[in-house]
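Biologist: I have a new structure to look at with you. Shall we go through it together, one term at a time?

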Amino acid sequence: MTHVPPRIANILINALKGGVVPRVGLEYVTVGRALEISAILHDIDMIGDGGASFRFIVGKYGSGKSFLLQTIRNYATAKGFAVVDADLSPERRFAGTKGQGLATYKELMQNLSTKSKPDGGALPLVLERWISGIMSQVQSPDEVEAKIYEVTHGLEGMVNGFEFAKAVALYWKAYRDDNAGLKSNVLKWFRGEYVTRRDAKADLDINFTVTDENWYDFLKIMASFLVGAGYKGLLVVVDELVNIFKIPNSITRANNYEKILTIYNDVLQGKAKHIGFLMGGTPQCLEDKYRGVFSYEALRSRLAEGHFATEDLKDLTAPIIRLTMLTQEEMYVLIEKLRNIHAELFKYTPILTHEDLLYFLTVEYNRVGASTHITPREIIRDFIELTNILHQNPDQSVADILGGNSFQMAKGGLSDEEIHTEFQEFEL
C-alpha cells in the first residue's frame, strides 16, 4: 500500500468529502483516464518542443473533468512547465464590457505555479530566477543589463513586447538596488493591476497596461519569457466554460466565443509557441446550438467531429476530449484507495472488506436514476461519509448503516440473494 503523507491525506479526504478537487495529492487517487491523460501529455511534450496546443475537456458535472485538469496541471509543473489556471465566473470571462477579460488574466497570473511554487504566486520567483540565470552568464554586474536587453530583444518583436521587455529591465534595476517599492510596482504591472496607463506611466514610465483586449497577447509574451527563464513552456487551464453559456446577452456571448476562436486559430496556425490551453466545460455548454460554443458557427465548423468517431472509437487527437463516467471496476479501485488513505490518516487498520466495498457500490448503482445521473463525485462523497461514520461509531457495521437509512431505499427492493448475485457479476 502506497504511503500518503498525513497532510496530503487530510487534504484529499476533506476536499473530496466537500465535493471539490484537491490541488495536491491527486496522484494517490487517480484511476482510469489513461488514454485521455496520454493524449494530453503528448500535447505537453509538443509545447516543450516549441509548439502549441488547444483542447476542450468535456464532461458532465461530477464526471471527473476538473479532477483531470488538476492532475494535468500538477504533472506539468512537476515536469518543469509553468501553469496558470482560473475558473470562469460572471466576473471572469474571455471578453466583456466591465473588465471581465482582464479579471480572468489577473486570476491566471495570481495562480501562476511552478514546480518549486505549486500553489500559485510564483511570479516574483520566476523573475528572480530569470535574473539569476542572466547573472550566472556574465562576468560583472555591468554586463547584466546589456545581457538583459539582449535576451529581451526577442520579445520586442511580439505584440506589446517592447513594454514587456522594459518592465523586465525595471525589475532587474529594482533587484540590483534592493528597491522594494519599484519591485512591487513592476509586479503590479505584470499582474494587470494598473487601472490606467497614466498610473503606469507615472510609476514605471511605461505607457501601456494589460486590458480586456490585449490580455491574450500578453500571455503569449509571458510564455516566451518563461522559456527564457528556464521553464519548458506555459500551460493555461481554464475551467467552468458553462459561465459563458449562461451569459444572457447573445452579443456578449459571441464576443467571448470570438476570443476563443482567436486563440484556437493562433494555436493551429502556428502563431503561438510554447503555450497550451485546456478548457473544461459540460456537453451542454459546448454543443447547445443556441447558446453553447457550437452556436458560434466558426467554432462549430472547426470543432465538430467527423463521421467515423463514436463513443467507443474516439479520436483522441481531436480538439475535444469527451469524458465518459468511470466504470464500476474503476470506481472500486478508487474507493479501495480512499479506504486505505482514510485508515492511514486516522491510524487504524482498514475494516471495510472486499465484500463491503462491493455491497456499497451495489447500493449506489441501484439508486433510482443512477444509470443516467450518478457521478463519481457523489459516490466518493457517500463513501467518505460511510468511512467517517464507521470510524466514529465502531459498534456499527456496514450493513447497519447501508440498511438503516436512505441507502436501503436506494436498493430498489433488491433482496439479499439478488444483491449477492450483483456481487458475483461485479467481481474484479
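Biologist: What makes strands β2 and β3 a pair, and in which sense do they run?

Modeller: Do keep in mind that this is a predicted model. Two strands pair if there are at least two bridges between them. Strand β2 (residues 82-87) and β3 are joined by six bridges, so they count as paired, and they run parallel. As an example, alanine 86 is opposite valine 238 in β3.

Biologist: What joins β3 to strand β4?

Modeller: Five bridges link β3 with strand β4 (residues 275-281), again in the parallel sense. Here valine 236 stands opposite phenylalanine 277 in β4.

Biologist: Why is strand β3 called largely enclosed?

Modeller: A residue is buried if its relative accessible area is under 20%. Six of the six residues of β3 (residues 234-239) are buried, so the rest of the structure largely encloses this strand. Leu234, Val236 and Val238 point one way, while Leu235, Val237 and Asp239 point the other way, and all are buried.

Biologist: Why are helices α5 and α7 called roughly perpendicular?

Modeller: Good one! The general idea is that two packed helices are described by the angle and the distance between their axes. The axes of α5 (residues 123-135) and α7 (residues 161-177) cross at roughly 80° and come within 11 Å. Angles of 65 to 115 degrees count as roughly perpendicular, and therefore these two helices do.

Biologist: Which residues meet where α5 and α7 touch?

Modeller: On the α5 side they include Leu127, Trp130 and Ile131, and on the α7 side they include Val168, Tyr171 and Trp172. The residues of this contact divide into nine nonpolar, one polar and one charged.

Biologist: Which residues have the most contacts inside the largest nonpolar core?

Modeller: They are Phe56, Trp189, Phe190, Leu234 and Met279, in a core of 80 residues. Helix α10 (residues 215-228) gives the largest share of this core, nine residues. Among the residues that phenylalanine 56 touches are Leu241, Ile260 and Met279.

Notes: Residues are numbered from 1 along each chain as its sequence is written. This is a predicted model: local features need pLDDT of at least 70, side-chain atom pairs count only at pLDDT 80 or more; totals for chains, interfaces and linings use all residues. Side-chain values use heavy atoms; hydrogens and water are left out. Buried means under 20% relative accessible area, exposed over 50%, partly exposed in between (1.4 Å probe, protein chains only). Helices (H or I, at least four residues) and strands (E, at least two) are DSSP runs, numbered from the N terminus. Axes are lines fitted to C-alpha atoms, for helices over the stretch in contact, and angles run from 0 to 180 degrees between N-to-C directions. Angles under 35 degrees count as roughly parallel, over 145 as roughly antiparallel, 65 to 115 as roughly perpendicular and the rest as oblique. Contact means heavy atoms within 4.5 Å. Ala, Val, Leu, Ile, Met, Phe, Trp, Tyr, Cys and Pro count as nonpolar, Asp, Glu, Lys and Arg as charged, and the others, Gly among them, as polar. A nonpolar core is a set of buried Ala, Val, Leu, Ile, Met, Phe, Trp, Tyr and Cys residues joined through side-chain atoms within 4.5 Å. Lists of a residue's contacts leave out its neighbours within four places in sequence.
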